Structures are given as structure tokens and as C-alpha cells.
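These are my notebook entries on a single protein chain. I set out to look up its helices, its sheets and the contacts between them.

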Amino acid sequence: MTLDPADKPGADGFSLDDVRREGLMASPGTEPVAHDGTGRVELAFTVEDATGAAPARRTVRVPPGVTVFDSASWNGIAIDSTCGGHGTCHKCKVRVEGSTPISRHDVRTFSREQLDDGWRLACLVQATRDLAVDVPPLTTRPKAATVGVGRQVILRPAVQKRYVELDEPNLADQRPDLARLLEAIDDLAPKPDLHALRRLPHVLRAADYKVTAVIVDESLVDVEPGDTTDQRYAIAYDLGTTTVVATLLDVALGTPVAVASMLNKQQPYGGDVITRISATMMDPETLPRLQQAASATLVELAEQVCREGGVDPKQVYEVAVAGNATMTALVLGIDPEPLGVAPFVMSTSQPPTVLAADVGLELHPRAQVFFFPALGAYVGGDIVAGMLATGMDRDKRVRLFIDVGTNCELVISDGDRILSTAAPAGPAFEGGAIKCGMRAADGAIEVIRLHAKLDPPSAEEVAQSTPPSVEEVAQQPSRDPNPVELGVIGDVEPRGLCGSGLVDAVAELVRVGLLDASGRFIPEDQAPTVAPALADRLTKIGEERVFVLHRPHPEAAPEDCVVLSQRDVRELQFAKAAISTGWTLLLEELGLEHRDVQQVLMAGSFGSYISPAAAVRIGLVPKLPVLRIVSAGNVAGEGAKMALLSVRERAGAEALLQEVTYVELSDRPDFNDRFVDQLGF
Ligand code: FES
């Protein structure tokens with residue numbers, strides 16, 4: 001049997017207790033398995049179907065260290081659970097191929113034969129290598145669901161259904177239809193809306209007085225014939241500036257039914273919020289067009305998830321949208337101009353709940369849309385949703401939340417106070433302003449490993465039987481004749497560099513010494529000594545110095561290669577300095593130092609995919625052991641799911657407006673000096 005990881009000492013001389021997180025890694029015996037924080041791991045899920053239909057197969061890529069349970073959950077794959085990933089419900093059973101550490105909870109859950117066969121609890125298996133995972137069909141009807149970053153949510157959705165069998169009226173019992181229905185519902189006292197009242201007389205009689213009352217919040221919104229209590233759905237949207245993700249949720253079970261994402265149809269109007277706001281300022285016709293584009297995105301995704309989930313859109317009774325302040329304003333058709341010019345004012349921090357039809361969605365006619373509130377023009381509802389998903393207000397440790405993007409949002413909590421701010425990082429992380437930059441799509445280089453030397457392994461190394469440490473892995477010479485190892489999305493010919501690839505490239509060039517601490521490529525004549533296997537890749541295009549990451553063929557000119565230019569390095573330096581100045585100043589506001597940070601949560605579609613090791617190396621995050629840097633995934637989407645699964649969590653999101661202090665940093669007199677201090681590596 002493999003040793004219980006709890007028996008091993010922590011890496012890098014720090015206590016594993018330091019990194020144990022409530023929910024995320026809470027249980028004794030489930031400490032993080034050592035990994036070097038680089039690259040990606042691939043999880044191939046085979047999801048069995050309770051009806052006996054052919055199993056579904058999905059392959060997902062996540063940063064190392066994410067649990068199998070979270071990897072599945074982020075990608076809409078439901079695994080049984082009622083404990084919130086604490087290793088106590090023993091329900092999240094999966095079969096993992098190959099040897100995987102066995103935790104003490106596994107020993108209590110599975111027989112010896114099952115353990116040998118690869119059965120493990122999914123919330124306790126960290127993906128530190130590629131894995132094939134079999135997921136059995138769901139068996140439980142949970143009272144709680146695991147969503148967010150290891151958060152457990154007691155299921156209490158706003159959408160409730162009650163099946164009732166009523167006595168037929170007669171001359172001795174002439175109670176009105178509504179009174180007859182409401183008296184049969186003993187635990188709720190909803191107020192009827194007109195839609196429900198219009199349907200009530202006919203549905204009652206057509207269904208032989210056996211009906212299901214549909215209640216959302218405190219309103220009776222519909223009456224359905226027969227027992228439809230199992231059919232309760234909602235859609236959670238992460239309405240991003242670049243990408244929009246929709247998750248269709250079964251709110252009765254707390255599980256995702258289908259997930260879909262697509263580029264925001266507002267893209268032709270500009271890649272970032274400022275360009276889109278400017279577009280509305282220059283042409284009054286643009287605002288309705290942007291609203292229509294956002295609406296069309298939501299509609300297409302709703303159709304897709306309902307189709308994939310085999311769900312009638314009319315049984316989707318609620319929607320939650322987590323978007324930044326500009327995206328929220330645009331989808332509601334509210335003029336965003338004040339958000340784009342000083343003093344950056346929102347029309348409201350708490351948008352009203354509207355009917356789904358008001359944003360173009362054809363769901364249940366009374367379906368409502370909840371919009372997350374915003375803390376400021378640049379710390380919007382997506383960040384409030386992220387705070388909810390990560391439980392930023394429920395943890396006593398010092399935690400730093402970073403959502404990396406064109407506008408980077410930062411939140412820090414010391415257990416008592418929560419501060420937030422925004423840092424304008426520019427488009428570098430989205431591949432903008434980067435010579436070979438591109439979105440994280442097929443052909444984008446996302447992982448880079450450089451080998452300065454290509455020495456064959458020594459006899460001593462061959463004889464070495466213990467696994468190398470994180471630092472040793474980083475310094476190892478390549479066993480591959482190619483000194484530049486690339487991880488490319490889609491495993492196709494590299495076409496460019498996405499945000500995480502850019503961070504990896506710079507971090508690796510700093511590590512091997514081809515970039516100096518000021519971010520300059522070292523002189524060409526020094527390269528053969530510093531990194532002999534890579535020296536010929538340091539070249540020029542015109543007057544600009546570049547490093548060749550990928551040559552389509554050995555004789556390719558630098559112009560035809562995927563390269564990292566000196567200017568690209570500068571772009572990244574500015575972006576990372578904006579971010580690190582932000583968290584440095586927030587830490588100072590709380591009277592804390594870098595080393596006090598116990599956990600860094602890297603969130604968002606860019607942040608989650610930046611390698612923790614590279615983020616530490618370039619100073620994007622505080623210099624901490626990589627195991628304290630956690631990829632948190634699409635936390636905005638997770639927060640939106642929570643709001644649909646629990647009215648208490650939704651109220652918690654609204655309460656965050658009072659708990660979090662927004663700190664404006666750009667008007668500090670020392671901001672520029674501090675920014676310059678952060679430019680180096
Ligand atoms: S043991 Fe409950 S989710 Fe894993």
C-alpha cells in the first residue's frame with residue numbers, strides 16, 4: 001500500500017498545517033501531495049449512466065494539485081457527495097487507474113480488493129499526474145451540495161415545488177381554487193402571481209386535482225399537472241468580458257446537468273470593458289447592439305445546456321448572473337459611460353432582479369434573473385461571486401484572492417477585515433499586445449519547460465531511487481533532445497502564446513538566466529555559457545531581441561517562429577507590477593508582510609491556469625511555497641451556482657457589500673514609486 005500522505009513531512013520546510021484549508025484540504029490524512037506547481041494534468045472521466053445508457057467520456061486539463069472532485073465539478077461532471085469534500089460522507093467514490101495514494105478515509109470506506117482495484121474518494125485524490133477516472137452513477141439525494149472551492153452548501157434553493165392531491169370542490173366545499181391549493185401546502189405561504197392564477201382553474205381540473213405548485217422565493221409562479229417535483233432547474237452564468245459560461249443545475253439535487261461556454265458575442269465591439277464603454281460613447285446605437293449581443297450569448301448557451309441536459313427550458317425557473325459591473329450594465333441596457341470615466345461610478349451596486357424574458361431568455365415565463373451585487377466599478381459582481389465561492393469571509397487565515405485579467409481584482413482577508421482593490425494589468429494575460437499572443441485556444445502554448453543543458457544523466461542520477469525535490473526537478477537537464485518542452489492546447493502545432501504560456505516563458509527564461517532581474521535578455525555573447533542548449537534561440541527580428549519558442553521547421557526564420565520578444569517581457573512586467581503593487585499595498589493596509597499570507601487563490605479563466613511555480617518566480621504572487629498557491633477555477637460561476645442552490649448563500653453575497661472595504665490605490669502619492677519597485681524579477 002502507498003503511504004498515507006499524512007505520514008510524510010511537508011515540502012520546503014513548512015508545515016502542511018499551514019496549507020490545510022477548510023473544505024479544500026481539510027481532513028487529516030488528505031494533505032496535498034507534493035508537486036512542482038508546473039504544467040497541466042489531464043483527467044479522462046468515464047461517467048456511467050444510471051439508466052444503462054452508454055457512459056459519457058470527458059477529458060479535462062487542470063493545474064496539478066486540484067482534486068479529482070473539483071476537476072469534475074468545475075467541468076459539470078457530477079460525483080456523489082453530501083459532506084462538502086471533507087472526506088466524511090464517503091460518497092464520492094470513483095475508480096482511478098494506476099497507483100494513487102490511499103488516505104485513511106479510503107481505508108475506512110473500501111475493502112482491500114476495492115482499494116487494489118483503484119477505488120478512492122474523489123475529494124481526497126489530488127491530480128498530480130494524468131489520470132483515468134471512472135465515475136459511477138449518482139445514488140444519493142443529497143441535502144447539501146459541494147460547490148465553490150470546497151464549500152458545502154445546504155440545499156435550500158429559492159425554487160421550491162410541492163405536489164398536492166386536493167379534494168374536488170362540491171356544494172358543501174366551495175373554497176376558491178387558490179385557497180384549496182394553499183391550504184394543502186403546510187410549510188410555505190406563497191403569494192400567487194397572475195400567471196399562476198390564470199393557469200390554476202384549468203390545470204386543477206385537467207389534472208384531476210393532482211398538481212405541483214411551483215414557488216420561487218415567496219411567489220406561487222405556476223401550477224403544473226401531476227408530480228413534477230423532480231424537475232427543478234436553474235442556470236448559473238459567469239458573464240465574462242471574453243468568455244461566458246453557463247451551467248444548467250438540477251437544484252433539487254444540487255448537481256450540474258450540463259455546462260457550455262462560448263465567446264461573448266460583444267467581442268467585435270472590443271476585447272475589454274473600456275473599449276466597449278468607449279464604443280457606446282461614440283455611437284448611441286451601440287448600447288442596444290451590445291445589449292442584444294450579450295442577450296444572444298445568454299440565449300444560445302441556455303439552448304445548448306437545455307438541449308444537452310434533455311431539459312425543457314420551461315422548467316428552468318431561475319437564473320443567476322455573475323458579471324463585472326460593465327457586463328452587468330450592458331446586458332441590462334444601462335448606459336455604462338460613468339463606469340469608464342473618473343470618478344468611475346456605477347448606476348447601482350445592486351441591480352434589480354428582472355424577468356428572464358427582459359434579457360431575452362425564453363425559459364419559464366416567470367423565471368427571474370438574480371444579478372450579483374458589485375463593490376465598485378472595477379470590483380464587480382463576478383468578484384463578489386468569487387468571494388462567496390471561496391468563503392473569503394468565513395476563514396480566519398490570511399488569504400489573498402487574485403483574479404487575473406485585463407483588469408485584475410484583488411481581495412485580501414486577515415480573518416477580521418476584508419479589503420479589495422482593482423489593478424489595471426492590461427491585455428498581456430489575454431495574449432493582447434504580445435507579439436505571438438493569442439487566446440487560450442487550440443494551438444496556444446500554455447506550458448513551457450526550458451533545459452539550459454542537455455547532459456546525459458550521470459550514473460549517480462540513474463542510481464538515485466528517491467524522487468527529486470521541486471527545485472531539483474526545475475534544474476534537471478532534459479532527457480529529451482529538445483531543450484524547449486512545450487505544452488500546447490489541443491496537442492497541435494503551436495500557433496502562439498496564451499497568458500499562462502507567457503508567464504511560464506518569462507519564468508523559465510529568468511530561471512535559466514537568459515533574462516536578468518531587470519527583465520532584459522542577457523547579451524548574446526553570454527548566452528552560450530549561461531544556457532548552451534538554448535543560446536541559438538536568442539536572436540533578433542529586425543532590431544528587436546526575441547527568444548524562439550517554436551520553430552515550425554529547423555530552417556525557419558525567426559519571423560516565422562513563435563517567439564517571445566523583449567517588448568513582450570516588458571508588457572508582462574508592467575502587468576505583474578500592477579498586480580504585485582496592489583497586493584503589497586493591501587498587505588500594508590492590514591499591517592502584514594508577504595510571508596504572513598497562508599493561501600493565495602488564483603481565480604478566473606486566466607489566473608486558474610497560470611502555473612503556481614511560474615507565478616511565484618516572476619513575483620506575480622508573494623514568494624511562498626507553491627503548495628500555498630491554489631488554482632481556484634471559475635469561482636464566479638461557482639458563486640452563481642451557490643446563489644441558486646441556497647437562499648442563505650445568496651443573502652451572504654449581498655452581505656459582502658457591507659463587509660468588504662474597497663481601497664482605491666491609484667490616488668496614493670507613493671503608488672508610482674511602489675510600482676517601479678515591483679517591475680523587476
Ligand atoms: S467524502 Fe464527502 S465529498 Fe468526498
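**Entry 1. Helix H8.** I began with helix H8, residues 286-309, and checked its length against expectation. At 1.5 Å a residue its 24 residues should span 34 Å, and the end C-alpha atoms are 34 Å apart, so the two values agree. I note here that the model is a predicted one.

I then asked which residues of H8 are buried. They are Leu 287, Leu 290, Gln 291, Ala 294, Thr 297, Leu 298, Leu 301, Ala 302, Val 305, Cys 306 and Gly 309. As background to such a list, an α-helix has 3.6 residues a turn, so residues three or four places apart point the same way.

Just after H8, I found Gly 310 with a positive phi of about 65°.

**Entry 2. The sheet that contains E12 to E15.** I followed these strands into their sheet. It is an open sheet of 6 strands in the order E14-E13-E12-E15-E17-E16, and its pairing is mixed. I recorded E14 and strand E16 (354-355) as the edge strands, each pairing on one side only. Within the sheet, E12 and E13 are antiparallel and share 7 bridges. Tyr 233 has Asp 250 of E13 opposite it.

**Entry 3. Helix H11 and its neighbours.** I next looked up what H11 lies across. It lies across E12, E15 and strand E17 (368-371), and it runs at about 105° to E15.

H11 (residues 381-390) also meets helix H19 (residues 635-645): the two axes come within 7 Å and cross at roughly 75°. This angle makes H11 roughly perpendicular to H19. On the H11 side I listed Asp 382, Ala 385, Gly 386, Leu 388, Ala 389 and Thr 390 as the contact residues. H19 contributes Val 635, Ala 636, Glu 638, Gly 639, Ala 640 and Met 642. By class, the residues of this contact comprise 7 nonpolar, 3 polar and 2 charged.

**Entry 4. Helices H5 and H6.** Helix H5 (residues 177-184) packs on helix H6 (residues 194-206) at an angle of about 85°, with the axes 10 Å apart. H5 is therefore roughly perpendicular to H6. The contact brings Asp 177, Leu 178 and Leu 181 of H5 to Leu 197, Leu 200, Pro 201 and Leu 204 of H6. I counted the residue classes here as well: 6 are nonpolar, none is polar and 1 is charged.

**Entry 5. The sheet of E1 to E5.** I asked in what order the 5 strands of this open sheet stand. The order is E2-E1-E5-E3-E4, with mixed pairing. Strand E2 (56-62) and strand E4 (119-121) stand at the edges with a single partner strand each, so one side of each has no neighbour in the sheet. From one strand to the next, the twist averages 30°.

I then went through individual pairings:
- Strand E1 (residues 41-47) pairs with E2 in the antiparallel sense over 7 bridges, and Val 41 stands opposite Val 62 in E2.
- E1 runs parallel to strand E5 (residues 131-135), to which 5 bridges join it; the bridge partner of Phe 45 in E5 is Val 133.
- Strand E3 (residues 93-96) runs antiparallel to E4, with 3 bridges between them, and Lys 93 stands opposite Leu 121 in E4.

**Entry 6. Helix H16.** I checked one further helix for length. Helix H16 (residues 566-589) has 24 residues and reaches 34 Å from its first C-alpha to its last, close to the 34 Å expected at 1.5 Å a residue. H16 is mostly covered, with 18 of its 24 residues buried. Just after H16, Gly 591 takes a positive phi of about 70°.

**Entry 7. The whole chain.** I closed with totals. The protein chain has 21 helices and 29 strands. Of its 681 residues, 51% are buried. Among contacts with a separation of 6 or more, 70% are between residues 24 or more positions apart.

Notes. Residues numbered from 1 in each chain as written. Predicted model: local features only at pLDDT ≥ 70, side-chain atom pairs only at ≥ 80, totals over all residues. Axes fitted to C-alpha atoms, helices over the stretch in contact; angles between N-to-C directions. Helix = DSSP H or I, 4+ residues; strand = E, 2+ residues; numbered from the N terminus. Parallel < 35°, antiparallel > 145°, perpendicular 65-115°, else oblique. Contact = placed C-beta atoms within 7 Å. Nonpolar A, V, L, I, M, F, W, Y, C, P; charged D, E, K, R; others polar. Pairing = 2+ DSSP bridges. Expected span 1.5 Å × (residues − 1). Buried ≥ 20, exposed ≤ 12 C-beta atoms within 10 Å, placed from the backbone.
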